[in-house]
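Dear colleague,

I am passing on the structure we spoke of, and below it I set out what turned up when I went through it. Please read the notes with the coordinates open beside you.

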Amino acid sequence: MSNTHSDCLSFDSLSSGTRADCPFCAGNELLTPPDIMRMPAASAQPWRARIIPNRFPIVEPRSPTQQTAELPPSIATPATRPAHGVHDVVIESPNHDHTILAITPSAWRDVWELCRQRIALLSEREDLLWATVFKNSGVHAGASLEHLHSQLIALDFIPPLLAAELEALAGTGNPFANVLTVARMTDTVVAEAGDLVAIVPPATRQPFEIWILPCHPEAYFHATSAAHIEALASLTQRVVAKLQRLVPGADYNWWLHQAPFAKRTGSPEAARLSKWHWHLEILPRLASFAGFELATGCHVTTLFPQESARRLREA
Ligand SMILES: [Zn+2]
Ligand SMILES: [Zn+2]
C-alpha cells in the first residue's frame, strides 16, 4: 500500500463492513483506479457495485506504438502470442462482509446488469472478439482477495474452449438444445426462474456442477432482457445457497460463455449464432484436478449427475 494514501486511511471510520486496508471497501476508492462504470450511475448516490481496471491485468491493450515481440504468423497461436484485451474487476458490494447470500436481491441484480452493460460496451470495440465475466470464490478457486468481486475480461481472439463450442454448432444438430432435453429426460433440472433453467450437465467435472442457461437460443448475454438478468440473479443466489447447505464453505468458480462478438469477417456465421445459448458454468472445487484429468482432459467425478441434481433440489 502506498504512503500516498496513509492520510485518507487514517480518517476512515472502521464502521461495520469496512476494512481500512481493503481497496474494495466503500471509503477506500482512492486505493483503486477510478470507476469505469458504477451502479447507480449517478455519482451523487453511494455506489452499490462498480467496475474498475484491474491493477494487475493478465491482458494488455494493444498500443499502436508498442514494439511487441510477436512470433511469425506461421507459428503464432493464441498460446504463443502476447495476450491483448481488457481486464476489469467487478466490485460487487461496498460492504466487506457481504457474501452473495447476504447481498439484497435487487443489489445482486444490479451487479449482473452492470456486467451486461460493460460487456455491451466492449462488444462495440473493433479490436475485441469475445468477453466473459468470471468468479473465483475461495482459495481453492484462485481467489486472492476476500472482498466480494468478480473479474471481467475481453480478448482479441476466440479462446480454445469457445472455438470448440462454436465448432460443435457446425452441423444440423444443436448441442445446447440437446443438453436441455437430456436434463428434462434424466431429471437433472435443479431450479427454474422465468425462461432460465439451472441444470446439472450430463458429464460433470465435479459433484454439484451446475449450468444456468436460457431455455431458448440467445447468443449474447450482453443483449439479454431485464427479465433474464433478474432470473440469473435469482438462480445464482439460489444455487449458491444450495451448494453451501450441501457443502458448507465450498469454494467454486463460475464463468460466462457467450458467443464471440458478431461484427466483421471471421465472426461466427448467423446459423451458429442462432443456435447458441449463453450460459453460466458453475464448478465447485471440491476435489483437486489430478494427473488423469490433466493428462486427458477427462474428469473423474464421484457423484452421478442425477444424484447431484437430486441433492441440490432437496437442499
Ligand atoms: Zn473490503
Ligand atoms: Zn460453455
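Leaving aside neighbours within four places in sequence, Ile212 is in contact with Leu196, Val197, Ala198, Leu232, Leu235, Thr236, Val239, Trp278, His279, Leu280 and Ile282; please bear in mind throughout that this is a predicted model. Ile212 is also, together with Trp112 and Trp254, among the residues that touch the most other members of the largest nonpolar core, which holds 51 residues. That core draws at least three residues from each of domain 1 (16–60 + 80–155) and domain 2 (160–314), while apart from it lies another core, of 17 residues, including Leu162, Leu166, Ala259 and Leu273.

Because His257 belongs to strand S9 (residues 252–257) and His279 to strand S10 (residues 279–284), the pair ties together parts that are 22 residues apart in sequence.

As to the cysteines, a search of the whole structure finds 0 disulfides. Cys25 is buried, its relative accessible area being 0%, and Cys115, at 2% relative accessibility, counts as buried too.

With best wishes

Conventions
Residues numbered from 1 in each chain as written. Chains lettered and ligands numbered in written order. Predicted model: local features only at pLDDT ≥ 70, side-chain atom pairs only at ≥ 80, totals over all residues. Heavy atoms only, no water. Helix = DSSP H or I, 4+ residues; strand = E, 2+ residues; numbered from the N terminus. Disulfide = S-S within 2.5 Å. Buried < 20%, exposed > 50% of the residue type's maximum accessible area, 1.4 Å probe, protein only. Core = buried A, V, L, I, M, F, W, Y, C linked by side-chain atoms within 4.5 Å. Domains from an automatic or database assignment. Contact = heavy atoms within 4.5 Å.
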